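The structure comes first, and the notes follow.

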Amino acid sequence: MTLSAPAPSAGPLSSVDAIIEGLAGVGYIASRRIATALFMASHLQKPILVEGSAGVGKTELALSTATLLGLPLIRMQCYEGLDESKALYEWKYGKQLLYTQLLKDRMGEALGDATSMDEAMVRLHGMGDLFFSEPFLEPRPLLRALREEGGAVLLIDEVDKSDEAFEAFLLEILSAYQVSVPELGVIKAKVPPIVFLTSNNVRDLGDALKRRCLHLHIPLPDAKLEERIVATRVPGIETSLNKQLVGFVQSLRGLDLRKSPSISETVDWARVLILLHAHALETETVRDTLNVLLKFEQDIAAVEPQIAELIRAPLAPVGG
Amino acid sequence: MVEGARHPHTPLMQRTLESFLRALRAVDVRVSPAEAIDAHRAVALVGYGDRALLKDALCATLAKTAEEVGRFETCFETFFQRDEFKPGHHHPHDPGAAPPPPASGEPNLASMLMADDAAGLAQAMEDAAERAGVSDIRFSSQRRLLTRRLLDEMGLKGLERVIGEAGLRDDPQSQALARRLTEDRKALFEEAARYVERQHDLYAGESGQRLREQILADERFGAIDSHDLANMQTLVRRMAKRLAARYSHQQRRAKKGKLDVRRTLRRSMGHGGVPFEIIWKHETIEKPKIVAICDVSGSVAAAAQFLLLFLYSLHEVVERLDAFAFSNRLVAVGDILKDEQVEGAIAGVLARIGMQSTDYGHALEDFRALHLNALDRHTTVIILGDGRTNYVDPRIDLMRAIQERSRAVIWLNPEPETFWNRGDSEMERYRRFCHVAKTCNTLSQLERIIEDVLRTYLPK
């Protein structure tokens with residue numbers, strides 16, 4: 001792998017600014033750090049490991065990148081017990097069995113006139129062995145990503161939920177963009193896919209995996225960035241409401257909650273408020289829709305009495 | 001390297017990056033050789049021109065956790081802060097005083113100072129630092145020596161000679177030159193000291209801390225100062241996390257290659273006996289089930305805190321842990337460990353039953369009443385205590401009952417083995433019913449023992 005591999009020179013990944021612009025065009029507001037990571041990933045041909053709390057847009061980044069580049073997105077959700085047969089490939093056992101039966105029926109015809117055992121064996125070897133061949137191969141996400149002609153965006157979601165053994169298995173794909181299928185040999189990607197791995201920190205990932213990836217930690221955004229995100233995602237929203245609701249969410253994050261609302265919750269909430277034709281935050285509306293933002297009973301109970309106060313506090317800078 | 005041809009990499013730049021990597025390692029951001037190569041490639045790609053871009057690019061290649069990102073940022077700011085010899089902090093140039101040509105082969109420090117050549121001086125200092133090995137600094141006590149060595153490498157001797165010669169001559173011009181160079185020398189001293197100081201922050205700041213932690217891990221519990229307690233707790237927490245990462249996720253391991261004949265046949269019934277669905281055998285790994293009994297009486301006072309710390313960290317690692325503590329009576333402490341932070345939990349347990357006189361017999365009786373029935377062949381019992389019974393009945397029979405019912409009994413004693421049968425210690429008698437009886441009074445020993453226990457739950 002060298003840098004002389006075809007790196008898009010004028011494409012949407014040609015510079016950090018181009019990436020920011022391009023992602024904004026498909027509705028993803030990226031910080032400079034995110035864009036730099038993507039830039040490096042495409043030019044150094046390394047996977048990106050994206051970390052951050054749930055709902056900050058880890059998966060969304062991969063989706064938007066795929067849209068931006070016009071590449072197919074191949075997604076693999078990890079879970080405990082995931083193994084190669086579900087991630088990489090499997091043999092179509094059913095078809096293989098049928099093939100064997102077919103073969104048995106035909107075998108008599110083909111070998112019937114052989115005079116000796118040796119001749120029969122020679123003929124048998126002469127017939128193509130299809131049993132372990134591509135037609136019987138059922139490609140799973142990883143293999144599909146490698147075989148995609150024009151390249152692909154591969155999203156390995158929540159890799160921390162998989163077993164350590166699986167993590168080790170990923171290493172070959174992530175470092176060399178190839179896999180070994182014992183019966184067929186090594187399958188190498190024609191165009192290395194852009195790989196995103198996401199992690200929620202359920203467990204610490206192994207050093208070997210981390211070493212092969214670029215690391216990107218997406219923090220919760222500041223108010224300004226979040227307003228831009230909401231404005232992009234919820235086009236019809238009024239600026240004043242946007243400012244107000246982002247302020248409210250930001251102050252919620254300052255509280256000691258079990259699960260602070262992240263960007264996806266903010267966006268959902270904004271949509272809900274639009275549906276309810278709200279023009280400004282009111283205690284009543286907020287109370288009714290709080291369950292969009294907060295996902296735990298205790299959190300809702302803790303926030304409810306303070307709603308009026310929280311609405312008023314971030315209102316001050318707006319001057320309303 | 002291919003990129004080397006496209007972006008010429010001067011040796012100086014490469015050296016700079018290498019020093020930076022070393023500084024990162026010093027602040028505990030792990031950088032492997034492969035990552036170092038990635039960093040070089042990243043720099044070749046983005047160049048040194050755009051500071052923010054360089055920072056983000058290096059951050060993505062080098063810092064691999066959220067904490068490391070934080071440390072990376074501080075380190076980056078310190079390292080790439082180059083502000084020595086800013087123009088303007090020297091006095092205006094005095095045209096009358098021209099220094100005599102220096103002896104050949106020596107760095108012309110005097111003329112650089114006279115010319116206010118900030119860039120040249122900074123460069124000279126970098127080069128001298130390289131020769132003097134300033135970045136090898138480990139301890140704050142080395143600062144003076146290294147400053148001196150740095151100045152020597154910069155050609156301080158030559159400068160001294162120039163000042164000396166100028167001072168000897170009588171004409172006012174030479175006198176002015178001597179005065180000015182003396183002032184410059186003072187400024188240079190300060191610069192050098194600052195430079196070394198910063199190198200110290202970069203390369204030695206964390207290694208001192210790490211050294212202390214290493215010592216702490218091998219320190220006997222009784223001997224640890226109370227002000228090291230906080231450090232100790234960090235260590236314990238880190239240990240717990242390490243163990244948890246290793247052992248909490250290996251519950252199920254697919255055993256590929258072994259056909260589950262029974263289930264495959266059963267599934268095939270639906271297809272008229274044709275085995276369309278192949279089912280493979282899985283091996284289920286037992287989750288560790290641990291009962292921990294901790295002595296917190298007066299005789300183990302010094303170690304009690306750490307034994308509880310151990311209990312607490314075990315609680316974080318093992319899902320199925322039943323924890324008990326006793327002096328003369330035994331109580332379950334699982335709820336305290338669950339609800340409280342580590343400091344609170346330890347204090348809570350000690351307040352409830354700690355620091356009284358020991359009665360192992362009574363405690364074992366309590367245990368029989370509370371929990372003996374819950375022991376089964378999957379349970380490992382860990383007892384933490386010194387086995388000092390105050391000459392009351394040690395109830396060896398109960399110990400036998402515990403051993404018979406459980407998978408293993410492990411006794412960890414903070415006293416060294418030579419003390420085990422002295423005075424009121426019944427350790428030798430208890431020991432017969434333990435699968436393992438070990439001295440355990442440092443954190444490193446604790447970690448090794450927990451690992452051993454947890455490992456027995458993994459398949460061979």
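In this predicted model, both faces of strand β8(A) are covered. Ile194(A), Phe196(A) and Thr198(A) lie on one side and are buried, as are Val195(A), Leu197(A) and Ser199(A) on the other. The strand spans residues 194-199 of chain A, and six of its six residues are buried.

Strand β8(A) pairs with β1 (residues 48-51) of chain A and with β5 (residues 153-157) of chain A. The table lists these pairings.

The next topic is the contact between the chains. Chain A gives 29 residues to the contact and chain B gives 28. On the side of chain B that touches chain A, at least two residues each come from α1 (2-6), α3 (33-46), α4 (51-62), α5 (66-79) and β1 (252-259) of chain B. That side of chain B has 16 nonpolar, nine charged and three polar residues.

Within this contact, helix α2 (residues 32-44) of chain A meets α4(B): their axes come within 9 Å and cross at roughly 65°. The crossing is right-handed. From α2(A), the residues making the contact are Arg32(A), Arg33(A), Thr36(A), Ala37(A) and Met40(A). From α4(B) they are Ala52(B), Leu53(B), Asp56(B), Ala57(B), Ala60(B) and Thr61(B). By class, six residues of this helix contact are nonpolar, three charged and two polar.

Conventions:
Residues numbered from 1 in each chain as written. Chains lettered and ligands numbered in written order. Predicted model: local features only at pLDDT ≥ 70, side-chain atom pairs only at ≥ 80, totals over all residues. Contact = placed C-beta atoms within 7 Å. Helix = DSSP H or I, 4+ residues; strand = E, 2+ residues; numbered from the N terminus. Nonpolar A, V, L, I, M, F, W, Y, C, P; charged D, E, K, R; others polar. Axes fitted to C-alpha atoms, helices over the stretch in contact; angles between N-to-C directions. Left-handed = near helix turned anticlockwise from the far one by under 90°. Buried ≥ 20, exposed ≤ 12 C-beta atoms within 10 Å, placed from the backbone. Pairing = 2+ DSSP bridges.
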